[in-house]
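Me: I would like to learn how to read a few features of a structure with you. Could we start with charged side chains and work from there?

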Amino acid sequence: MSVYKAINAVQLDLSKEGIGKDRKNVQQGYSFRGIDDVYNVLSPLLGKHGLCILPRVLSREVVERQTAKGGTLFYVTVDMEFDFVSSED
């Protein structure tokens, strides 16, 4: 199976299963899906179809800012690339 066929197969399976917004942000009152929710659904599908995602950090920028109350916030911007590799190719 080519890498594109594997990606398509993962997408097809993911469209059937989906990833629900089962978590709740109490402070702002909205539902969301966390990164762990995504990994827990996506990981078995990638393995099933022999697909690996290899991340690569191109750059990382950290900016420190002060809040109105004098606290510290860190804004982190990461520029990434991801390679999709099929175990069959």
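Reply: Side chains of opposite charge can pair when their charged atoms come close. Here, Arg56 forms a salt bridge with Glu81, their closest N and O atoms being 2.9 Å apart; the term asks for a side-chain nitrogen of Lys or Arg within 4 Å of a carboxyl oxygen of Asp or Glu. This pair links distant parts of the chain, with Arg56 in strand 3 and Glu81 in strand 4, 25 residues apart. Helices (H or I, at least four residues) and strands (E, at least two) are DSSP runs, numbered from the N terminus.

Me: Before we go on, what should I know about the model and the numbering?

Reply: This is a predicted model, in which local features need pLDDT of at least 70 and side-chain atom pairs count only at pLDDT 80 or more, while totals for chains, interfaces and linings use all residues. Residues are numbered from 1 along each chain as its sequence is written, and side-chain values use heavy atoms, with hydrogens and water left out.

Me: Which residues are linked with Arg56 in a network of salt bridges?

Reply: The network joins Arg56, Glu81 and Asp83. The side chains of Asp83 and Arg56 meet at 2.8 Å, N to O. Asp83 lies in strand 4 and Arg56 in strand 3, so this pair ties together parts that are 27 residues apart in sequence.

Me: Is Arg56 buried or partly exposed?

Reply: Arg56 is partly exposed, with a relative accessible area of 34%. Buried means under 20% relative accessible area, exposed over 50%, and partly exposed in between (1.4 Å probe, protein chains only). Glu81 at 38% and Asp83 at 32% count as partly exposed too.

Me: How many salt bridges does the structure hold?

Reply: There are four. One of them joins the side chains of Asp37 and Arg23 (2.7 Å, N to O). Asp37 lies in helix 2 and Arg23 in strand 1 (residues 23-25), so the pair ties together parts that are 14 residues apart in sequence. Asp37 is buried at 19%, whereas Arg23 is partly exposed at 37%.

Me: Now for a helix. Which residues of helix 1 are buried?

Reply: They are Val3, Ala6, Ala9, Val10 and Asp13. They cover an arc of only 120° around the axis, which puts them on the same side of helix 1; the arc is that of the directions from the helix axis to the C-beta atoms. These residues pack against helix 2 (35-48), strand 3 (51-66) and strand 4 (72-86). The face turned away from the buried side carries the exposed residues Tyr4, Lys5 and Ser15.

Me: What does Asp13 contact?

Reply: Leaving aside neighbours within four places in sequence, Asp13 is in contact (heavy atoms within 4.5 Å) with Leu45, Lys48 and His49. The Asp13 side chain makes polar contacts with the side chains of Lys48 (2.9 Å) and His49 (2.7 Å). A polar contact is a pair of N or O atoms within 3.5 Å; within protein, one must be able to donate a hydrogen and the other to accept it, and residues adjacent in sequence count only if both atoms are side-chain atoms.

Me: Which residues make up the largest nonpolar core?

Reply: In soluble globular proteins, nonpolar side chains tend to be buried together. In this model the largest core has eight residues: Val3, Ala6, Val10, Ile19, Val41, Leu45, Leu46 and Leu51. A nonpolar core is a set of buried Ala, Val, Leu, Ile, Met, Phe, Trp, Tyr and Cys residues joined through side-chain atoms within 4.5 Å.
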